[in-house]
Amino acid sequence: DPQQMELAAAGKRKLRRFIVIDEVVDKLYGSKVREYFEENNVQHKILALPTTEETKSMDLVLNILQEVQSFSLDRRTEPIIAIGGGVCLDIVGLAASLYRRRTPYIRVPTTLLSYVDASVGAKNGVNFLQCKNKLGGYTPPVASFLDRSFIQSIPRRHISNGLGEILKMALMKHKGLFDLLKDHGKYLLDTKFQSYNGFADHGDAALQTTRIAIETMLEELAPNLWEDDLDRLVDFGHLISPELEMRVLPSLMHGEAVNVDMAFMTYVAHARGLLGAEEKEQILQCMRGLELPLWHSGCSWALIQRALRERLRHGGGQPRMPLPTGLGVADIFNDTSEETLERAYELWVKD
């Protein structure tokens with residue numbers, strides 16, 4: 001804000017920032033963050049917290065808000081900054097939306113999953129009564145700052161985890177993105193989504209993949225930011241996975257649980273005649289190449305039935321089931337029979 005800069009330069013008001021950073025990210029990058037604010041003469045408070053699915057609660061939101069209150073934040077001119085993975089961005093977003101009814105905040109994603117998923121859109125929230133994101137709201141950030149260099153310090157499994165959400169968008173909306181993942185998946189895992197010159201065979205696969213994933217996500221979210229329309233292609237992989245993820249914590253990460261859901265739904269699409277055997281196999285082969293789980297022992301038939309009943313409750317009495325109808329094309333279905341689901345489940349488990 002030029003006016004803020006002018007006041008700061010004139011010595012009338014020092015710039016102030018409140019930063020919430022994941023404690024693992026703080027160990028890796030905290031010194032650089034502090035150095036940045038000190039060099040720019042910004043008064044700051046950095047709060048390092050353990051932000052995991054297990055700690056994603058209203059208690060942590062209230063802890064943040066107590067510190068915000070102590071810092072005496074100006075809710076109009078001093079945005080809260082969240083630096084971390086999706087859980088960190090979700091928690092801070094909810095805290096900011098509650099403080100003085102709405103305080104601006106900035107998202108700085110540090111994992112691949114949060115880079116292509118949590119950084120985009122308006123949703124924030126916390127887990128409640130062992131249900132994923134049961135409490136939350138729709139408050140978009142004033143900005144998201146995307147820097148892929150953070151991704152080079154995260155473990156390979158976390159990169160694979162993020163690839164699950166990218167694959168979701170590929171299967172629903174973009175054959176070209178699916179081909180990128182199929183052809184360059186191992187390279188993206190090996191290079192941790194960094195861009196290198198001289199790799200002609202791969203081009204800048206990391207830039208292309210993340211850009212297309214974010215653009216397709218925005219195409220879906222922007223016209224329906226508040227989810228007034230419950231028919232959402234971005235819900236693919238999110239019918240069974242919330243129940244599964246919370247039930248088996250911490251054995252499955254979010255993108256892994258989403259992929260188990262997508263693998264099962266690929267079998268459902270095949271059982272309905274929407275996907276041919278070759279297309280089904282191409283999808284499963286791509287998942288294997290991205291080192292994502294195709295099945296989990298915790299995903300029982302009883303859990304699937306329970307998750308789909310919950311889906312009916314929150315979908316206005318309709319399952320609103322997104323299914324691939326080819327590679328990169330999809331539709332929403334409300335007429336999948338129990339018999340078809342059970343047949344798909346038996347074949348999935350057998351395979």
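A salt bridge, as the term is used in these legends, is a side-chain nitrogen of Lys or Arg within 4 Å of a carboxyl oxygen of Asp or Glu.

**View 1. A salt bridge between Glu227 and Lys123 in the predicted model.** The side chains of Glu227 and Lys123 meet here, with 2.9 Å from N to O. Across the interface of domain 1 and domain 2, the rule finds 3 salt bridges, and it also finds 7 residue pairs in polar contact.

**View 2. The two domains of the chain.** Domain 1 covers residues 2-152, while domain 2 covers residues 155-350. The C-alpha centres of the two domains lie 28 Å apart, and the contact takes 23 residues from domain 1 together with 31 residues from domain 2.

**View 3. The area buried between domain 1 and domain 2.** Between them, the two domains bury about 2,300 Å², of which 67% is on carbon and sulfur atoms. Leu112, Leu113 and Arg148 supply 27% of the area that domain 1 buries against domain 2, which is more than any other three residues supply.

**View 4. The side of domain 1 that touches domain 2, shown by its elements.** The elements that give two or more residues to this side are helix H5 (112-118), strand E5 (123-128) and strand E6 (131-138). Helix H5 provides the largest share, with 5 residues. Sorted by class, the side of domain 1 that touches domain 2 has 11 nonpolar, 5 polar and 7 charged residues.

Note on methods: Residues are numbered from 1 along each chain as its sequence is written. This is a predicted model: local features need pLDDT of at least 70, side-chain atom pairs count only at pLDDT 80 or more; totals for chains, interfaces and linings use all residues. Side-chain values use heavy atoms; hydrogens and water are left out. Domain bounds come from an automatic or database domain assignment. Contact means heavy atoms within 4.5 Å. Buried area is the accessible area (1.4 Å probe) that two parts lose on being put together, summed over both. A polar contact is a pair of N or O atoms within 3.5 Å; within protein, one must be able to donate a hydrogen and the other to accept it, and residues adjacent in sequence count only if both atoms are side-chain atoms. Helices (H or I, at least four residues) and strands (E, at least two) are DSSP runs, numbered from the N terminus. Ala, Val, Leu, Ile, Met, Phe, Trp, Tyr, Cys and Pro count as nonpolar, Asp, Glu, Lys and Arg as charged, and the others, Gly among them, as polar.
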